[in-house]
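Student: I have a structure open and want to go through a few spots in it. Can we start with a single residue and move on from there?

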Amino acid sequence: MRETSAYKRRFARHHDELRWLYMELYNNGDMFAELCGNMERFCQERGRKLKSMDSDRESRPDWYKSNDMLGMMFYIDNFAGNMKGVASRLDYIEQCNVNYIHLMPFLDTTKGKSDGGYAVSDFRKVQENLGSMEDLDNLTAACHKKGINVCMDFVMNHTSEDHEWAKKARQGDGEYMSRYFFFCNDEIPSLYERTVPQVFPTTAPGNFTWLPDCGHYVMTTFYPYQWDLNYRNPRVFNEMMYNFLYLANQGIDIIRIDAVPYIWKELNTSCRNLPQVHTIVRMMRMIGEIVCPGILLLGEVVMEPEKVVPYFGTVEKPECHMLYNVTTMATTWHTVATRDVRLLKRQLDIVNSLPKEYVFLNYLRCHDDIGWGLDYGTLKGEGLEERSHKKYLNDYFQGYAGGSNSRGELYNADPVTGDARFCGTTASMCGIEKAGFEQDKDAMARAIDEDVMLHAYMFMQSGIPVLYGGDEIGQVNDYTYKDDPDKAADSRYIHRGAMNWELAKNREDSDTVEGKLFGRLKALEEIRKREKVFVSGADTWTIETWEKAVLCMGRYYEGEKLIGLFNFSGYEKTAWIHEADGVYVDLVTGGEVRPEEVRVPAYGFYYLKKTDGRAKEQKAEIALDNAV
C-alpha cells in the first residue's frame with residue numbers, strides 16, 4: 001500500500017507536465033494513456049530492494065554528488081570475459097576505490113556490424129558471449145551489496161538493421177517502415193543531405209543508405225547497418241521507454257543516453273539539438289522519477305559547451321542529471337601538447353561559472369577517439385589556425401612533433417579537410433609505451449609523473465572523475481586489433497585492449513610501473529574520499545600563475561580551502577600565485593608550502609590545503625592517513 005501511494009504521489013507531481021509535453025509532440029491521447037498504464041506496470045514489477053533504494057535516494061537527491069564518487073568504464077569481455085567474470089572482480093574494483101562502473105554496450109548485436117555494441121538488435125537480450133539478463137540482474141545485485149553503482153548505454157537514436165522492427169520494415173511492412181525514415185527515391189534524402197553534417201565522412205559518407213532488396217533509402221546517420229528511429233511516431237517513443245524501464249528494472253543505476261542530440265530529425269535543419277530532443281529528454285527524466293526515482297540520466301553530448309549545457313535543462317525543469325565534460329578533455333590534451341594552460345584555464349572558467357546543480361563527468365579518455373573540438377576563436381587570437389593546429393596535435397600524439405613521447409594512431413582521417421581524430425591509451429599518450437620499449441628508466445619516471453599529474457588534475461575538477469579500466473595500472477596501446485578482421489578498420493580498438501591481469505598482479509609492487517601508478521593513484525583517490533572539499537557542489541575557480549605551463553585551481557567548501565597546482569611541462573616551473581592567506585600543507589607529502597612563489601617540479605603537482613593554524617598536527621595527521 002505504501003509503495004502504491006508513493007507511486008501515485010510521484011505520478012501526480014509530474015502528470016500535468018508530462019501529458020502537456022506528450023500531447024504537444026504527438027497529440028495522441030490513446031498512446032499517452034497506454035504509456036501511463038505501462039509505467040505503473042513497470043513500477044509494480046520493480047524489485048523490492050530497488051524500490052527501497054529508490055526511496056532512500058529520493059530522500060537524498062544529491063546522493064551522487066559526494067566526494068567519494070569515482071567511476072570506471074570498461075568493456076565486459078575485455079575486462080573479465082563475461083558478466084560473471086566482472087562479478088568475480090568486484091574486490092579489485094573496490095581496491096581501486098571505484099563505486100560506479102560503466103559497462104560498455106552489452107545488449108545483443110550482430111558480429112561484424114556492431115560499432116562496438118552500439119548497433120542493438122534486441123534491447124532485452126544480452127550478447128550471448130557476455131551472459132544473460134539473469135547474469136545482469138545478479139551482477140547489479142552483487143554491485144549494490146558493495147555500494148557500487150552500475151551504468152549502461154541506452155542507444156536511442158537507432159537500431160541495428162537486424163532488429164525485429166528493421167527486418168519487418170525491410171519486408172515492406174508499413175507499420176514498421178514508419179518507425180524509421182524510408183524513402184522510395186532520393187528526392188527527400190538529397191534535401192536532408194544539403195543541411196545535415198556527416199558524422200563519418202570517410203568511413204561512412206552520407207546520411208542515407210540504399211537498400212536494393214526493398215527499393216528504398218533509409219536514414220543511417222552513423223553506419224549503414226544502424227537505422228535511425230523516427231521519434232515523430234509515438235509508437236517509437238513508447239516502445240523505447242518500455243525498453244528503458246525494463247533495463248532500469250534489471251538494477252541499472254545510471255542510464256547513459258547515447259547520441260542524444262541526434263534523436264529528432266527535421267527537414268531543412270542540421271538534425272542536431274532540435275527543441276523536440278529536449279522535450280523527449282525531459283519526458284524521460286519525469287518517467288524515470290515516477291517509476292524508478294533512484295536512477296540517473298547521463299547524456300552523451302559530444303559538442304561545444306554552449307550546446308552541451310542545455311541538456312541539463314533548468315533547475316526547475318531538469319533533463320539529464322550528468323553530462324560529459326568533453327571540451328575540457330580535448331583541451332587537456334591540447335595543453336599537454338603545447339605546455340600552455342591558457343586555453344584550458346578559459347575552458348575551466350566556463351564550467352566553473354555554471355550552476356552547482358550541474359554535474360559533469362570528467363575523464364582523460366574514454367572508449368572513443370579524441371576529437372579536437374577546441375575553441376579555435378581564442379586560439380586564432382594567439383596565432384594558431386585551426387587546420388594547422390589540428391595537424392600539430394595529431395603529429396604530436398603520434399610522436400612526430402613537439403618533442404613528443406606519445407604513441408597512438410589517427411581515426412577517420414579526411415585527406416580533403418585535413419581533419420582527423422586521435423586514438424591511444426592515457427599511458428601511451430604520456431610516454432609509458434615509448435619508455436618501456438626503449439627501456440629508458442628516466443623517461444619512464446617522467447612518463448609516470450605526467451600520467452599521475454593528469455589524474456590529480458582531473459580529480460581536482462568540478463564533478464565526478466571516471467577512469468578507463470586499465471589506466472590505473474598504465475596499460476598501453478594494443479596493436480593486436482589489426483589481426484581481427486572485424487576490428488582492423490577501426491583504430492579505436494587500439495585503446496580498447498583486454499585487461500592484462502598478469503600485469504595487474506604487480507599493483508602491490510612499488511618497483512614496477514604498475515605498482516608505481518596504482519599506488520600513487522590510490523593515494524589520490526583516498527585523499528579525495530577523505531576531504532569534503534572535493535564534493536561536486538564545492539566552489540571552484542582558477543588562479544593566475546603567470547607561468548603558462550602551470551595551471552592553478554581552487555576549491556572551497558564549508559570553510560575548507562584547497563589549491564591545486566599542476567605543471568604541464570617537463571621542466572621545473574615557478575607559479576606566482578600570492579595566496580598567502582594562511583598556512584598550507586600539501587595533502588600528498590604533508591609538507592608545508594607557502595603559496596606565493598611555488599616551485600613546481602617537472603610534471604609535478606600540489607594539493608595545498610589551508611590549515612587552521614595547527615600545521616604540525618595536521619602534517620602528522622596527513623602522514624598517518626597516507627601511511628594507512
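**A cysteine, two helices and some strands**

Tutor: Cys96 sits in the loop between α6 (90–95) and β2 (100–103). Helices (H or I, at least four residues) and strands (E, at least two) are DSSP runs, numbered from the N terminus. This is a predicted model, in which local features need pLDDT of at least 70 and side-chain atom pairs count only at pLDDT 80 or more, while totals for chains, interfaces and linings use all residues. Residues are numbered from 1 along each chain as its sequence is written, and side-chain values use heavy atoms, with hydrogens and water left out.

Student: Is Cys96 buried or exposed?

Tutor: Cys96 counts as buried because its relative accessibility is 2%. Buried means under 20% relative accessible area, exposed over 50%, and partly exposed in between (1.4 Å probe, protein chains only).

Student: Which residues does Cys96 touch?

Tutor: Leaving aside residues up to four places away in sequence, Cys96 touches Leu70, Met72, Glu472, Phe518 and Glu525. Contact means heavy atoms within 4.5 Å.

Student: Switching to helices. At what angle do α11 and α12 pack?

Tutor: Helix α11 (residues 234–248) and helix α12 (residues 275–291) pack at about 45 degrees, and their axes are 11 Å apart. Axes are lines fitted to C-alpha atoms, for helices over the stretch in contact, and angles run from 0 to 180 degrees between N-to-C directions. α11 and α12 are therefore oblique to each other; angles under 35 degrees count as roughly parallel, over 145 as roughly antiparallel, 65 to 115 as roughly perpendicular and the rest as oblique.

Student: Which residues meet there, in α11 and in α12?

Tutor: From α11 come Phe237, Met241, Phe244 and Leu245, which meet Ile280, Met283, Met284, Ile287, Gly288 and Val291 of α12. The residues of this contact of α11 with α12 divide into nine nonpolar, one polar and no charged. Ala, Val, Leu, Ile, Met, Phe, Trp, Tyr, Cys and Pro count as nonpolar, Asp, Glu, Lys and Arg as charged, and the others, Gly among them, as polar.

Student: Now strands. How many residues of β20 are buried?

Tutor: Seven of the eight residues in strand β20 (residues 560–567) are buried.

Student: And how does β19 pair with β20?

Tutor: Strand β19 (residues 550–557) pairs with β20 in the antiparallel sense over eight bridges; strands pair if DSSP finds at least two bridges between them. Leu551 stands opposite Phe566 in β20. β19 and β20 form a hairpin with two residues between them, and Glu558 in the turn has a positive phi of about 45 degrees.

Student: What is the bridge partner of Leu562 in β25?

Tutor: Lys609 is the partner. β20 and strand β25 (residues 605–610) run antiparallel, joined by five bridges.
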